[in-house]
Amino acid sequence: MIATIAMPKLMLIGGGAIGQVADMLGRLGIRRPLIVTDPFMRDSGAIARLTDPLKAAGVPFEVFADTVPDPTTDVVDAGARMLSGGGFDGMIALGGGSPIDTAKAMGVLAANPGRMRDYKVPNPIPNEGVPLLAIPTTAGTGSEVTKFTVITDTETDEKMLIAGNGVIPQGAIVDYELTLTCPFRLTADTGIDTLTHAIEAYVSRKANPFSDSMALAAMARVAKHLRTACFEPDNREAREGMMLAANQAGIAFSNASVALVHGMSRPIGAHFHVPHGLSNAMLLPAVTAFSLPTATARYADCARAMGACAPDTDDEQAGIALLGALISLNADLKVPSPQAYGIDESRFMSILPLMAEQALGSGSPANNPRVPTEEEIVSLYRDIYAT
């Protein structure tokens, strides 16, 4: 097997690394960056962790802080106009997956004609945008290392997957200290997002030995550190472990792809505004149970990596142990069902065919070890509604 591996050109990893941002910009050839972040980072003053060292180094910058939790085409359009008209030669994305995804999409639109929907998978991105330095403040999405961005079309409510090497950030600063103030729910949801990335990368039909090594390492770290990071938010070892896990899982799925969980998760987020990691968590046990008979040995490896069973456990029992571990993790981290989250049953059930169509249209389910039909996806959605 020959695998093509793509990731950022430079990564700075470690506590306090954000203090070296000016040097990182110089190494990437960025002299006048546009900072892309969210209103909370701006209004809370947390952005100073980034802007203070920039000011000290005399780096001129401006800020676009109008990003939203589920990036939309309206926000991307506005950001792309600012990027194109401001004389910027690069961007810094500071925040969770949403600001990073927004910045990626801004770069696409600023460098290419047309609308965002023109570049959704499987359409190519002809021209690369300005260099992007990504600085995650949550341990979950791995967006700082991936070739994907997900943008909701304001007109259709479709969560569009845009993919290509042109949206991989040129650089990343992975500083776990930026996650120390993340609240319980955000820590839990982004952490299960990391786990989903790792498991799906490992069982994906596009998996390769390089992505496997990253995925298994990420699973082990999540199993060891996620609960501690949630219940002991000041635990630096756990925070550092989760930040590294998110980075490794991002590298894994960017080079192997995600699968059915992500394909089904995006429509839930688009139609009901459920945070991405949380909708993944709602789906992960059920989709694993659905897929397990087709890839028992691969799922068994996941169970062993997570310590859910003894190393010498046979594959069938290890797969069962993995399911138990996923259900237990959701219970411990208080993951609600769609019903408990407050999603109206009649509306949920009425649009299941549309959600199934959109899930299949994303392409991700085709990477699943067991490729579902539209009817099977509808059935899975029904199964998770109240459980």
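Visitor: Why does Thr-196 count as buried?

Guide: In this predicted model, Thr-196 has a relative accessibility of 0%, and since buried means under 20% relative accessible area, Thr-196 counts as buried. The residue has its place in helix α6, and, leaving aside residues up to four places away in sequence, Thr-196 touches Val-261, His-262, Asn-280 and Leu-284.

Visitor: What makes α6 and α10 oblique to each other?

Guide: Helix α6 (residues 184-203) and α10 pack at an angle of about 60°, with their axes 8 Å apart. Angles under 35 degrees count as roughly parallel, over 145 as roughly antiparallel and 65 to 115 as roughly perpendicular, with the rest oblique, and therefore α6 and α10 are oblique to each other. The contact of α6 with α10 has, by class, six nonpolar, five polar and three charged residues.

Visitor: Which residues of α6 and α10 meet?

Guide: On the α6 side they include Arg-185, Asp-189, Asp-193 and Thr-196, and on the α10 side they include His-276, Asn-280, Ala-281 and Leu-284. The crossing in which α6 passes α10 is left-handed.

Visitor: Why is α10 called roughly antiparallel to α12?

Guide: Helix α10 (residues 276-291) and helix α12 (residues 315-332) pack at an angle of about 165°, their axes being 10 Å apart. Because angles over 145 degrees count as roughly antiparallel, this angle makes α10 roughly antiparallel to α12. The crossing of these two helices, α10 and α12, is left-handed.

Visitor: What is the make-up of the contact of α10 with α12, by nonpolar, polar and charged residues?

Guide: Ala-281, Leu-284, Pro-285, Thr-288 and Ala-289 in α10 meet Leu-322, Leu-323, Leu-326, Ile-327 and Asn-330 in α12. These residues divide into eight nonpolar, two polar and no charged.

Visitor: Why is α5 described as largely enclosed by the rest of the structure?

Guide: Of the 15 residues of α5, 13 are buried, so α5 is largely enclosed by the rest of the structure.

Methods. Residues numbered from 1 in each chain as written. Predicted model: local features only at pLDDT ≥ 70, side-chain atom pairs only at ≥ 80, totals over all residues. Heavy atoms only, no water. Axes fitted to C-alpha atoms, helices over the stretch in contact; angles between N-to-C directions. Helix = DSSP H or I, 4+ residues; strand = E, 2+ residues; numbered from the N terminus. Left-handed = near helix turned anticlockwise from the far one by under 90°. Contact = heavy atoms within 4.5 Å. Nonpolar A, V, L, I, M, F, W, Y, C, P; charged D, E, K, R; others polar. Buried < 20%, exposed > 50% of the residue type's maximum accessible area, 1.4 Å probe, protein only.
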